[in-house]
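Work through the following exercises with the sequence and the model side by side. Try each task before reading its solution.

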Amino acid sequence: MWLYLALLALAWALGWLLRDRRTLPTVSDKHVFITGCDSGFGNLLARRLARRGYRVLAACLTPQGAESLRGAPNLSTTLLDVTRTDSIRRAAEWVQSQVGEKGLFGLVNNAGVASPMGPTEWMDMEDFRRVLAVNALGAIEVTLRLLPLLKRARGRVVNTSSVLGRVAANGGGYCPSKFCIEAFSDSLRRDMWHFGVKVSVVEPGFFKTNATDVAALEAALRQRWERLEPATRSSYGEHFLPQYLRLQRRLLALLCDPDLAKVARCVEHALRARHPRSRYSAGWDAKLLWLPASYLPAALVDLALALLLPRPAPSAR
């Protein structure tokens, strides 16, 4: 019996591998719209896809970001602020003018911000609104605007989430925004199944980007600490902030991977494969740490994080 089960498992694995490696015959006529191309994943991905022959439509927040991509073959740029409806509308009209009747083959929702991140009590509602507006609501509104073009081309949507969309390891708006993207991607994938539009989620681990810039994260957290009420600050103790910042620096130094191409390769597979995966994990920490942790009982994850984080003042416990 065990032999038959082993043979069945082997046959399934080989079949999945062969299916996973099947690709589209050509991409030279396919337009891909990418948000957040000023730097980081988006900038690298725009250049890589253009070299592969895709017709890349790169959206940047700043003129400087757009200027850095100008001149590359197969690549056109536009400005886009995903938090503004009028900007999204103009970008969608520009995409329509570029793709014509063929429709849009690929949409990569990459634009995102991370800061501020820290203890939940240190945040205010504006901190949550700002991050959610970019990472979640912006991606949703861009997708809704471009869905008619994606349906026409029977195209692909690739949403950039995070391992922190599986395990909420800290406070602030980042984790809720990524959990939101996970849920939006799942519902969209099922709704678009009959229209031939495929939806994938890329869940990177920690990489060296602007989102993980230590100086920026520390500055934002110090600002939140300074504006706390005296009673709240005393409940944590003066030792808490230095210890928290020291732990953050050590974790980022340990986990952050400089090879952004690992994320780009996941997006490329989601766009080029005949049968793209629903989810992609990029980075060693995503595969070996965060993904396994997401399947553990919540009590175990809570305990591990509680032991890792600095403790508040004894009088608060």
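**Conventions**

This is a predicted model, in which local features need pLDDT of at least 70 and side-chain atom pairs count only at pLDDT 80 or more, while totals for chains, interfaces and linings use all residues. Residues are numbered from 1 along each chain as its sequence is written, and side-chain values use heavy atoms, with hydrogens and water left out.

**Exercise 1. The chain as a whole**

Task: Describe the make-up of the chain, and decide whether its radius of gyration agrees with or departs from that of a compact globule.

Solution. Begin with the secondary structure: the chain has 12 helices and 9 strands, where helices (H or I, at least four residues) and strands (E, at least two) are DSSP runs numbered from the N terminus.

Next, take the overall dimensions. For 317 residues a compact globule would have a radius of gyration near 20 Å, and the 21 Å of the chain agrees with this; the radius is taken over C-alpha atoms, and the globule rule is 2.2 Å times the number of residues to the power 0.38. The C-alpha trace spans about 65 × 65 × 35 Å along its principal axes.

Buried residues account for 49% of the 317 residues, with buried meaning under 20% relative accessible area, exposed over 50%, and partly exposed in between (1.4 Å probe, protein chains only). Among contacts (heavy atoms within 4.5 Å) between residues at least 6 apart in sequence, 73% join residues at least 24 apart.

Finally, consider charge: there are 43 positive and 27 negative side chains, and the centres of the two sets lie 8 Å apart. Here Lys and Arg count as positive and Asp and Glu as negative, with His and the chain ends not counted; the place of a charge is NZ of Lys, CZ of Arg, CG of Asp or CD of Glu.

**Exercise 2. Helix α2**

Task: Compare the length of α2 with the expected one, list its buried residues, and state what phi Gly53 takes.

Solution. Helix α2 covers residues 40-52, which is 13 residues, and reaches 19 Å from its first C-alpha to its last, close to the 18 Å expected at 1.5 Å a residue; the expected span is 1.5 Å times one less than the number of residues. Within α2, the buried residues are Phe41, Gly42, Asn43, Leu45, Ala46, Arg48, Leu49 and Ala50. To read this pattern, recall that an α-helix has 3.6 residues a turn, so residues three or four places apart point the same way. Just after α2, Gly53 takes a positive phi of about 110 degrees.

**Exercise 3. Backbone features in loops**

Task: Where do Asn74, Arg154 and Pro116 lie, and what backbone geometry goes with Asn74, Arg154 and Pro116?

Solution. Asn74 lies in the loop between α3 (63-69) and β3 (75-79) and, although it is not a glycine, has a positive phi of about 65 degrees. Asn74 is partly exposed, its relative accessible area being 43%.

Arg154 is placed in the loop between α5 (125-153) and β6 (156-160), and its phi, near 50 degrees, is again a positive value in a residue other than glycine. With a relative accessible area of 52%, Arg154 is exposed.

Pro116 belongs to the loop between β4 (106-109) and β5 (117-118), and a cis peptide bond with omega of about 5 degrees joins Ser115 and Pro116.
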